[in-house]
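Hi everyone, thanks for coming. Please have a look at the sequence and the structure on the screen, and then I will walk you through a few parts.

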Amino acid sequence: MHRFAKPSVFLKFTAPILPWLSALTVILIAAGLYFSLIGSPVDYQQGHTVRIMYIHVPAAWMGLFCYVGMAICGAMSLIWKHPLADICARATAPVGATFTALCLITGSLWGEPMWGTWWVWDARLTSMLILLFLYLGYMALVNAFDDPERGSKAGSALALVGAVNVPIVKFSVDWWNTLHQPASIVRMDGPAVDPSMQLPLALMILGFTCYYFVVLILRVRLELNERRIRALHLSGMFEDPETPASAKEQAYEAGHNAEAKQ
Amino acid sequence: MNGFLAILQRDLRLALRQGADSVMVVAFFIVTTTLFPFGVGPEVNILARIASGVIWVSALLAAMLSLERVFQADYEDGTLELLTLSPVSLELLILGKVLAHWLTTGLPLIIAAPLMAVMLNMDQDGFVTLMVAMLLGTPALSLIGAIGAALILGARRGGVLVSLLVLPLYIPVLIFGAGAVEAALLGISATAQLQIMAAILLLALAAAPFATAHAVRQAME
């Protein structure tokens, strides 16, 4: 695992994966959308509104998945000081925050016809809202320092402290007797969702997860390239028109290697 | 242990000599609580119903606003750097600072809370539970808040940031603190809520000094 913590190895390793993963994401989400919107039966009680579930549940899953990923990256950056772990944690936060917001919005749209209200202060909903606040706090903290290094370190500590909330979100429906239904997919005696609905749900969850990894790779590559450009600007190679092209290439390589050594 | 007592004594002495700080926290608490009758109207039944929640929320905000002085002044004049370098473990010193913070903010709030409860017309059955719950809850607020206060050292707009970091982590204390008083008012035993609050306090006591010390060391790098 530590081998992949080198930025150069990460770039080399992810370059061939990226197009395949992107294609897989498109196929999974397209198939998932087909089965969830057209190819799955209507619920006998809820009618067509049940289809909101195929966005809502995967988004909720991603909100938690991204937070756990962010906390693990934070722990790795604190323990082994991998610069890549910092970048991954930073890149994950906005994605996770978006999925959490998406989960809350779709949940609210689903709650209006089913429960007759847009919002209730139920344990599951409230803990999910706190998760969104934790994401926002993380993003604000990471960007609050002049030294990005210090921002990442403080953010890692916050991500770890905030991880207390993850089991609370997961088990809130079991611990408190609430309006939100109890767990129906991950439970001891197998999923309680009808098989015809399991397929689109599984496709969407897999598709969303792949989408996250595509976005993560893209964002990490962007961040690495930005850092390299900044390093080149600082060394003054770009501004000088007299510099021959080969020297520029050399500087680019040098920046690459310097980064790899970090 | 000597280091712990020394830092506790120093912080308490500083707070007492500057004086105004503790009084300001209590004043903020009273003014915030007083705003609610203006906001929701002076109807006695409504005020009695929301009293426990209002008192807890105001106490939370008052505890949060005073967090800045746990580390900020020491960070600016370099004292914190010397504390980090000292041979005494930083976790112990931080525990001393947190205890001093609680004695100068949490304790006055506990004393002021029954007064506000009377003014908000809360039933007398809830008073003892309110004070016991605050006795368990406010130290946890100081401990959790110290993590946030240490994380934002050196940040731009730190004061606003600390609210975004710390308030979500305060929510469990608020839920069980208000829940305990609610139970007592309904005539049910509040033991379960108080036990959970004690558990939160113990967890914070065990984990928060280490997280805070870690954040302080990062700020010194």
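**Helix pairs and the chain contact**

Let's begin inside chain A: α1(A) and α7(A) are roughly antiparallel to each other, a label used for angles over 145 degrees, while under 35 counts as roughly parallel, 65 to 115 as roughly perpendicular and the rest as oblique. Helix α1 covers residues 7-37 of chain A and helix α7 covers residues 195-235 of chain A; their axes come within 7 Å and cross at roughly 150°. Those axes are lines fitted to C-alpha atoms, for helices over the stretch in contact, and the angles run from 0 to 180 degrees between N-to-C directions. Helices themselves are DSSP runs (H or I, at least four residues), strands are runs of E of at least two, and both are numbered from the N terminus. The crossing of α1(A) and α7(A) is left-handed, meaning that the near helix is turned anticlockwise from the far one by less than a right angle; clockwise would be right-handed.

A quick word on what you are looking at. This is a predicted model, in which local features need pLDDT of at least 70, side-chain atom pairs count only at pLDDT 80 or more, and totals for chains, interfaces and linings use all residues. Residues are numbered from 1 along each chain as its sequence is written, and chains are lettered from A and ligands numbered from 1 in the order in which they are written. The model scores ipTM 0.77 and pTM 0.81.

Now, where do the chains touch? The contact takes 15 residues from chain A and 16 residues from chain B, with two residues in contact if their C-beta atoms, placed from the backbone, lie within 7 Å. On the side of chain A that touches chain B, α4(A) gives the most, with seven residues.

How do α4(A) and α8(B) cross? Helix α4 (residues 123-142) of chain A and helix α8 (residues 158-186) of chain B have axes that come within 9 Å and cross at roughly 150°. That crossing of α4(A) and α8(B) is left-handed too. In α4(A), residues including A:Ile130, A:Phe133 and A:Leu134 meet residues of α8(B), among them B:Leu161, B:Leu164 and B:Pro168.

Finally, chain B: its secondary structure comes to nine helices and zero strands. Along its principal axes, the C-alpha trace of chain B spans about 55 × 35 × 30 Å.
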